[in-house]
Amino acid sequence: MPEHKDKQGVCFFVYNNEELDYVDLAMLAARYVKEYLKLPVCIITDEGTHGWLKQSQSQEDIDKFVDYIKITTDELKPNIRRHYDSPYTEFKAQFSNSNKHKIWEYSPFEQTLLLDTDYIVKNSFLLKSFEYDGVAMFNNALSIRNDKPHQNEILLYDQGIKMWWSTVVYFDRSDFSKMFFDLWAHIADNYQFYQFLYNFPGNLFRTDYCVSIAVHILSGMEQSNIIHNYDDEPMYFVSQRDNVIDANNIQDWICLGNSSTESWKDILIKHSNLDLHVMNKRALLRVKPKLVEHFNAR
Amino acid sequence: MDERLEKALEFSNYTLTLNNQKQNIKNRVAQLQLVHYNGGVFVANQETISFVKTMIDLDKTVDGVIIDSKDNPIRVKDYKDLLEKLVDAYVSASQEYAVEYDKLRKSRSIKSIMDW
């Protein structure tokens with residue numbers, strides 16, 4: 001495939017596991033990117049997942065929604081993550097994210113928007129990214145109930161540094177961006193040391209923590225605006241305990257917003273016109289056929 | 001359950017859902033009001049629009065600088081162009097706000113709020 005044909009574009013890392021079909025998620029996310037950002041899409045994947053892409057998706061859809069495919073051979077470190085699908089179901093699955101910093105090397109674009117496959121673009125807001133120099137990510141988040149995330153997703157620990165989300169990472173090809181990704185790689189390589197230093201919890205390797213520490217270091221260990229934060233706008237999310245139960249059309253999603261304090265309580269929410277990070281991936285996969293139906297019916 | 005309480009709880013659920021939907025509309029409007037200009041970011045609200053218009057009216061636009069919403073000084077070469085962008089964003093955001101707000105105001109049940 002031609003390199004650097006397009007100046008701006010969107011990349012997704014897509015590595016399947018036995019529990020979640022990331023290919024299916026990526027194809028849905030790419031469809032929304034084409035609809036609202038109208039940008040070329042690059043899928044970064046491995047040989048096995050690429051095989052599944054060709055087997056599970058029609059060639060017509062692949063041609064329509066994917067412009068570049070980059071096959072990687074990186075060894076993906078074991079990283080078991082606990083997922084929820086509403087408050088009532090939980091499962092564990094491999095979370096392959098150890099090479100995410102290599103997007104600098106893998107992206108075919110001069111200006112790249114790296115999105116997670118569960119981030120659904122529902123308006124053109126992210127096009128503002130291309131007006132930034134350097135790097136941009138969200139450092140605020142708001143649930144579909146308009147609640148803040150759990151405390152350990154606001155700060156790395158109670159007295160810790162501000163958390164930045166690696167769900168959406170914009171970067172250009174500046175020296176500063178290169179330094180950012182080199183630092184991210186260094187932190188990933190020395191994750192246990194930085195876990196000790198920054199006191200963040202858990203055994204899961206999280207790139208959110210890597211980028212948060214990188215931002216902190218590059219900011220002179222203080223708060224600064226060296227990294228763009230989407231003008232203080234929050235990233236809206238469907239938590240793993242929330243659910244997406246239906247879609248009136250490609251835009252209006254009917255969701256159940258679960259109470260963070262009383263897990264038996266949900267409220268119905270119609271979510272429209274704002275991008276959504278759908279952390280409950282199984283819910284997204286369940287509603288996908290309906291969404292595709294709506295796309296095709298137009 | 002006491003029918004009076006049942007009705008009140010149903011209304012309570014409706015209010016909760018309604019308030020959340022109102023906030024979702026405001027979230028969308030906030031995004032629409034953001035205007036990037038010459039490396040700065042401005043919120044297209046009445047205050048910013050009035051300020052830019054005042055600068056134009058008082059002919060204070062030569063070598064002009066405006067402090068943006070991130071407290072950075074932004075050089076503005078063409079105030080009219082900035083004003084136009086601000087007004088466009090404001091009009092578009094407030095129009096969408098009005099349409100969605102009206103829809104919500106007419107919805108008397110959770111089902112109709114959901115349009116489902």
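This is a conversation about how the terms applied to a predicted two-chain model follow from its computed values.

Mentor: The model is predicted, so local features need pLDDT of at least 70 and side-chain atom pairs count only at pLDDT 80 or more, while totals for chains, interfaces and linings use all residues. Residues are numbered from 1 along each chain as its sequence is written, and chains are lettered from A in the order in which they are written.

Trainee: What makes the radius of gyration of chain A agree with that of a compact globule?

Mentor: The radius is taken over C-alpha atoms, and the globule rule is 2.2 Å times the number of residues to the power 0.38. For 298 residues the rule gives a value near 19 Å, and chain A has 18 Å, which agrees. The C-alpha trace of chain A spans about 50 × 50 × 35 Å along its principal axes, and the chain holds eight helices and 15 strands, where helices (H or I, at least four residues) and strands (E, at least two) are DSSP runs numbered from the N terminus.

Trainee: Why are α5(A) and α7(A) called oblique to each other?

Mentor: Angles run from 0 to 180 degrees between N-to-C directions of axes fitted to C-alpha atoms, for helices over the stretch in contact; under 35 degrees counts as roughly parallel, over 145 as roughly antiparallel, 65 to 115 as roughly perpendicular and the rest as oblique. The axes of α5 (residues 175–189) and α7 (residues 207–218) of chain A cross at roughly 125° and come within 9 Å, and the pair is therefore oblique.

Trainee: How do you know which classes of residue form the contact of α5(A) with α7(A)?

Mentor: Two residues are in contact if their C-beta atoms, placed from the backbone, lie within 7 Å. By that test Phe180(A), Leu183(A), Trp184(A), Ile187(A) and Ala188(A) in α5(A) meet residues of α7(A) including Cys210(A), Val211(A) and Ile213(A). Ala, Val, Leu, Ile, Met, Phe, Trp, Tyr, Cys and Pro count as nonpolar, Asp, Glu, Lys and Arg as charged, and the others, Gly among them, as polar, and the contact divides into eleven nonpolar, no polar and no charged residues.

Trainee: What makes α2(B) roughly antiparallel to α3(B)?

Mentor: Helices α2 (residues 46–57) and α3 (residues 79–106) of chain B pack at about 155°, with their axes 10 Å apart, and that angle makes them roughly antiparallel. The contact of α2(B) with α3(B) has ten nonpolar, one polar and two charged residues.

Trainee: Why is Ser86(A) called partly exposed?

Mentor: A residue is buried if 20 or more other C-beta atoms lie within 10 Å of its own, exposed if 12 or fewer, and partly exposed in between. Ser86(A) has 19 within that distance and is therefore partly exposed; it lies in the loop between β4 (80–84) and β5 (90–94) of chain A, and its phi is near 70°, a positive value in a residue other than glycine. Asn273(A), with 19 such atoms, is partly exposed, and its phi is near 65°. By the burial count, 47% of the residues of chain A are buried.

Trainee: Which element gives the largest share of the side of chain B that touches chain A?

Mentor: In the interface, 18 residues of chain B are in contact with 19 residues of chain A, and the largest share of the chain B side, nine residues, comes from α1(B). That side divides into seven nonpolar, eight polar and three charged residues.
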